[in-house]
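Let's walk through this structure together, one region after another. Keep the model open beside you as you read.

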Amino acid sequence: GAEVVRMYKTLLGSEGFRKGIDLYFQRHDEQAVTCEDFFAAMRDANNADFANFLQWYSQAGTPVVKVASSYDAEARTFSLKFSQEIPPTPGQPTKEPTFIPVVVGLLDSSGKDITLSSVYHDGTLQTISSSNTILRVTKKEEEFVFSDISEKPVPSMFRGFSAPVRVETDLSDDDLFFLLAYDSDEFNRWEAGQVLARKLMLNLVSDFQQNKPLVLNPKFIQGLGSVLSDSSLDKEFIAKAITLPGEGEIMDMMAVADPDAVHAVRKFVRKQLASELKAELLKIVENNRSSEAYVFDHPNMARRALKNTALAYLASLEDPAYVELALSEYKTATNLTDQIAALAALAQNPGKTRDEVLADFYNKWQGDYLVVNKWFLLQSSSDIPGNVENVKKLLDHPAFDLRNPNKVYSLIGGFCGSPVNFHAKDGSGYKFLGDIVVQLDKINPQVASRMVSAFSRWKRYDETRQALAKAQLEMIMSANGLSENVFEIASKSLAA
């Protein structure tokens with residue numbers, strides 16, 4: 001919903017969007033209104049043609065947009081061909097095209113934005129005089145042709161996440177590395193890195209499954225290195241850009257999810273990046289620490305985010321010098337954000353230091369139950385081997401109470417958020433959750449039903465894991481006095 005509203009602002013600009021908001025309140029203040037009323041206010045205030053924009057509100061599903069590009073050197077034109085499709089959903093087997101704003105820029109061979117002069121579309125030549133333009137994609141298939149383009153460009157599409165769609169392009173890996181290094185649009189620079197990381201990690205997962213040696217593409221290291229060393233970039237953006245896609249995201253792209261392979265690959269990539277870029281990462285930690293009092297504003301939030309992301313990378317190397325660095329950051333932190341980030345960095349690796357710092361943190365914060373919940377979550381979601389045994393011990397911790405929903409979400413929910421431990425091949429994670437759900441159902445059926453939903457995608461995994469997960473769902477279903485809440489989720493999961 002929020003992204004659909006943001007598309008109005010993309011299409012109308014800040015001033016046009018404000019005019020629409022003013023008219024909306026003028027017409028409807030203190031009234032119960034509809035999405036169509038908001039649409040009408042935006043349209044009427046700007047005398048705008050929104051074509052089939054209302055399809056966003058009436059059709060379920062996310063549009064899939066495919067883009068093919070071509071360059072004609074003789075004519076000096078560059079074309080983008082778009083096709084859109086929304087997959088069928090229950091009750092809506094056939095979907096109509098919707099209005100998709102595509103903010104586009106073209107990069108020359110030096111990585112600079114090309115000043116666009118005109119674009120030809122649907123029989124009309126539109127004059128442009130900027131490095132960005134908004135293409136209004138409204139049909140199932142259509143083409144836009146840019147003129148006076150002196151060399152083959154690299155297109156930067158959907159700048160600023162201009163539409164909430166899934167995009168499939170013909171961009172090569174070299175194009176993506178180019179965008180990662182040079183795109184002036186931070187969202188697309190981030191997106192290029194994420195697309196490359198997903199491709200790279202999926203290829204490495206395949207290598208891991210075939211017992212091939214894992215080798216990280218040096219271009220990827222160079223690409224992230226260029227982001228790290230670009231002082232013109234916002235620090236929060238850099239922190240996000242160097243963060244790898246999560247394990248769940250990679251597993252969602254696999255025909256059969258393999259938690260062990262994905263975990264091993266992500267850990268390998270993190271360590272390789274940390275090893276190759278450790279000088280840059282160390283410099284970031286040193287240049288962004290602060291002994292000043294906590295300030296809640298963007299520059300300080302961005303500084304903390306970047307420093308703590310770099311610290312986590314360094315700590316993953318398990319080098320005594322970087323463990324000592326993280327310990328120093330933990331001890332000298334002037335705010336909870338920095339302290340808990342240093343704790344998380346240290347908690348990646350089992351051992352005496354981890355145990356001591358976790359105990360110290362609890363002793364300091366045991367009087368604040370919200371912070372204690374973070375402490376539980378930090379431990380339960382850890383990827384350290386065999387973590388289910390640590391979580392079982394925490395069930396008996398004096399600060400834990402199975403009757404408290406937030407503590408359950410932190411400890412039990414957090415454990416389910418660690419794919420490598422929850423989906424352990426021996427079924428220990430499944431058995432732990434199954435037993436907890438049955439026990440919890442007697443206390444709070446609503447919370448128990450939320451916990452059992454962790455089993456809902458059990459068919460995404462290999463046959464061994466499927467059998468183990470199914471056995472736990474059947475055990476839950478056979479429990480005496482099972483609540484309607486848990487029965488509904490468990491039965492639907494089994495039938496899925």
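How do the residues of the lining of the second largest pocket divide into nonpolar, polar and charged? They come to 16 nonpolar, three polar and seven charged. Here Ala, Val, Leu, Ile, Met, Phe, Trp, Tyr, Cys and Pro count as nonpolar, Asp, Glu, Lys and Arg as charged, and the others, Gly among them, as polar.

Before going further, a word on the model itself. It is a predicted model, in which local features need pLDDT of at least 70 and side-chain atom pairs count only at pLDDT 80 or more, while totals for chains, interfaces and linings use all residues. Residues are numbered from 1 along each chain as its sequence is written, and side-chain values use heavy atoms, with hydrogens and water left out.

Now for the overall view. The protein chain has 22 helices and nine strands; helices (H or I, at least four residues) and strands (E, at least two) are DSSP runs, numbered from the N terminus. With a radius of gyration of 26 Å, close to the 23 Å that the globule rule gives for 496 residues, the chain is as compact as a globular protein of that length. That radius is taken over C-alpha atoms, and the rule is 2.2 Å times the number of residues to the power 0.38. Along the principal axes, the C-alpha atoms fill a box of roughly 70 × 55 × 55 Å. Of the 496 residues, 46% count as buried, where buried means under 20% relative accessible area, exposed over 50%, and partly exposed in between (1.4 Å probe, protein chains only). Among contacts (heavy atoms within 4.5 Å) between residues at least 6 apart in sequence, 66% join residues at least 24 apart.

Let's return to the open spaces. Rolling a probe the size of a water molecule over the atoms shows where empty space is left. On a 1 Å grid over the protein atoms alone, a cavity is a set of points where a 1.4 Å probe fits but cannot get out, and a pocket is an open set with protein on both sides within 12 Å along at least five of seven lines; lining residues have an atom within 4 Å of a point. Grid points are joined across faces, edges and corners, and a volume is the space filled by probe spheres set on the points.

The second largest pocket has a volume of about 860 Å³. Its lining counts 26 residues, and Arg-166, Val-167, Glu-191, Val-195 and Arg-198 lie nearest its centre. Helix H5 (186-209) is one of the elements that supply at least two residues, and H5 gives the most, with nine.

The largest pocket holds about 1100 Å³ of space. Of its 35 lining residues, Arg-266, Arg-270, Ala-344, Gln-348 and Asp-383 are the closest to its centre. Helix H9 (259-276), H11, helix H13 (336-346) and helix H15 (369-380) each supply at least two residues of this lining, which by class has 15 nonpolar, 12 polar and eight charged residues.

Helix H6 (218-228) and H9 are the elements that give two or more residues to its lining. The lining has eight nonpolar residues, no polar and no charged ones; Leu-273 and Tyr-313 are among them.

H13 deserves a stop of its own. Eight of its 11 residues are buried, including Asp-338, Gln-339 and Leu-343. Their cover includes H11, helix H12 (320-332), helix H14 (352-365) and H15. At the start of H13, a side-chain oxygen of Asn-335 reaches to within 3.2 Å of the backbone nitrogen of Thr-337.

Both Asn-335 and Thr-337 are touched by Tyr-294, as is Arg-304, not counting residues up to four places away in sequence. Tyr-294 sits in the loop between helix H10 (278-288) and helix H11 (298-315), and it counts as partly exposed because its relative accessible area is 39%.

Finally, look at Asp-462, in the loop between helix H20 (445-452) and helix H21 (463-477). Is Asp-462 buried or exposed? Its relative accessibility is 16%, so Asp-462 counts as buried. A polar contact of 2.6 Å joins its side chain to that of Arg-465; such a contact is a pair of N or O atoms within 3.5 Å, and within protein one must be able to donate a hydrogen and the other to accept it, with residues adjacent in sequence counting only if both atoms are side-chain atoms. The side chain of Asp-462 also reaches the backbone nitrogen of Thr-464 at 3.1 Å. Leaving aside neighbours within four places in sequence, Asp-462 is in contact with Val-256, Ala-257 and Lys-425.
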